[in-house]
Amino acid sequence: MVTPTIRTVDLRSDTVTKPTESMRLAMANAEVDDDVLGNDPTAVRLEREVAEIAGKEAAMFVPSGTMGNLISVLVHCDERGSEVIRGDDSHIHIYENGGVSSLGGVHPRTVKNEEDGTMEIGSIEAAVRSPKGDLHYPVTKLICLENTQANCGGRCLPIEYIDKVGELAEKHGLKLHIDGARIFNASLALGVPVKRIVQAADSVSICLSKGIGAPVGSVIVGSKSFITKARWLRKTLGGGMRQIGVLCAAALVALHENVAKLDDDHKKAKILAEGLNRIERLRVDVTAVETNIIYVDIPKDPKFRAEDACKSLEVLGVLVIPQATFRIRIVLHHQISDSDVEYVLSCFEKTF
């Protein structure tokens with residue numbers, strides 16, 4: 001007896017996308033050289049394009065967003081014991097192995113992330129510690145924002161808010177870094193170019209392997225002097241790669257072909273969120289679904305937690321991850337079809 005093949009719909013993250021055929025072809029035909037020597041033409045092209053998109057002077061390819069954020073923080077906080085202000089629910093604070101502390105000697109100071117992903121401006125200012133202040137404290141050098149704010153459901157930080165944080169940073173002689181892992185999602189959702197969103201930032205880390213689907217890599221952008229220092233740190237951290245044009249070629253395809261597809265991801269996320277919210281035992285804050293991330297609250301049954309629900313859904317071929325004891329995270333991406341959305345809804349109905 002032949003066991004029927006279970007349909008698989010992978011919604012664990014927008015990092016699970018597979019390279020498209022056009023990406024694979026571009027990688028096979030990529031013009032390359034030694035990037036450590038500054039000669040890889042495909043890498044140079046990618047970096048120029050991303051710098052232009054972000055409205056910054058220069059850019060540098062890195063293997064991951066975590067390295068991009070780490071390098072950015074270490075460039076700005078160039079004295080051990082410096083302090084960085086960041087959200088208590090931010091990716092850079094929770095999911096990046098404490099790298100800024102363990103590798104850079106940078107002290108984190110957290111401010112509460114509100115439900116919309118922002119940190120209250122007054123709370124940020126109250127957290128700033130001046131070199132003229134009490135000698136017991138570290139000195140604040142940097143503020144970090146995240147856009148979209150993943151742990152708050154992919155919420156978009158408004159331009160006016162980012163501008164205010166930038167003004168606050170300038171007032172206190174600080175730098176502003178934006179973790180723009182999903183900055184293209186924010187741009188599409190807000191209807192505003194990336195360069196305007198990050199105008200107030202001194203540096204930005206832009207992920208290419210999430211929603212737009214490149215297999216590997218991020219690009220950090222900033223001033224020429226910032227990127228010069230960043231290249232030294234990339235080498236120190238083991239990110240001095242060679243023929244990276246093979247990877248950058250796929251990233252260029254992602255930039256050219258997949259950014260516009262994010263709008264469809266957002267629409268599908270809204271449809272899925274509305275459908276899940278109609279299931280009696282589930283709750284979704286549909287108004288909070290601004291981009292491609294959905295949080296689903298399940299009944300608070302200690303015998304059937306989010307982890308158990310995810311295992312039950314996996315049996316049906318739907319891959320999602322627990323966000324909390326009674327909350328499930330779903331992330332849409334360009335390789336999820338309309339019929340996939342319908343199938344996921346039917347599987348949730350069977351499970352709950």
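Reply: Begin with burial: a residue counts as buried when its relative accessible area is under 20%. The model is a predicted one.

Me: Which way do the residues of E3 point?

Reply: In a regular strand, side chains alternate between the two faces of the sheet. Here Ser 82, Val 84 and Arg 86 point one way from E3, while Glu 83, Ile 85 and Gly 87 point the other way. All of them are buried.

Me: Which strands are joined to E3 by bridges?

Reply: Strand E4 (residues 107-111) is joined to E3 by 5 bridges, and the two run parallel. In that pairing, Val 84 stands opposite Pro 108. Strand E5 (residues 139-146) also runs parallel to E3, with 4 bridges between them. There Ile 85 stands opposite Ile 143.

Me: How is the protein chain divided into domains?

Reply: Domain bounds come from an automatic or database assignment. For this chain, domain 1 is made of 9-15 and 259-351, and domain 2 is 21-255. The contact involves 16 residues from domain 1 and 21 residues from domain 2. Their centres, taken over C-alpha atoms, are 28 Å apart.

Me: What area is buried between domain 1 and domain 2, and how many salt bridges cross the interface?

Reply: About 1,600 Å² is buried between the two domains, with 51% of it from carbon and sulfur atoms. The rule finds 2 salt bridges across this interface.

Notes: Residues are numbered from 1 along each chain as its sequence is written. This is a predicted model: local features need pLDDT of at least 70, side-chain atom pairs count only at pLDDT 80 or more; totals for chains, interfaces and linings use all residues. Side-chain values use heavy atoms; hydrogens and water are left out. Buried means under 20% relative accessible area, exposed over 50%, partly exposed in between (1.4 Å probe, protein chains only). Two strands pair if DSSP finds at least two bridges between them. Contact means heavy atoms within 4.5 Å. Buried area is the accessible area (1.4 Å probe) that two parts lose on being put together, summed over both. A salt bridge is a side-chain nitrogen of Lys or Arg within 4 Å of a carboxyl oxygen of Asp or Glu.
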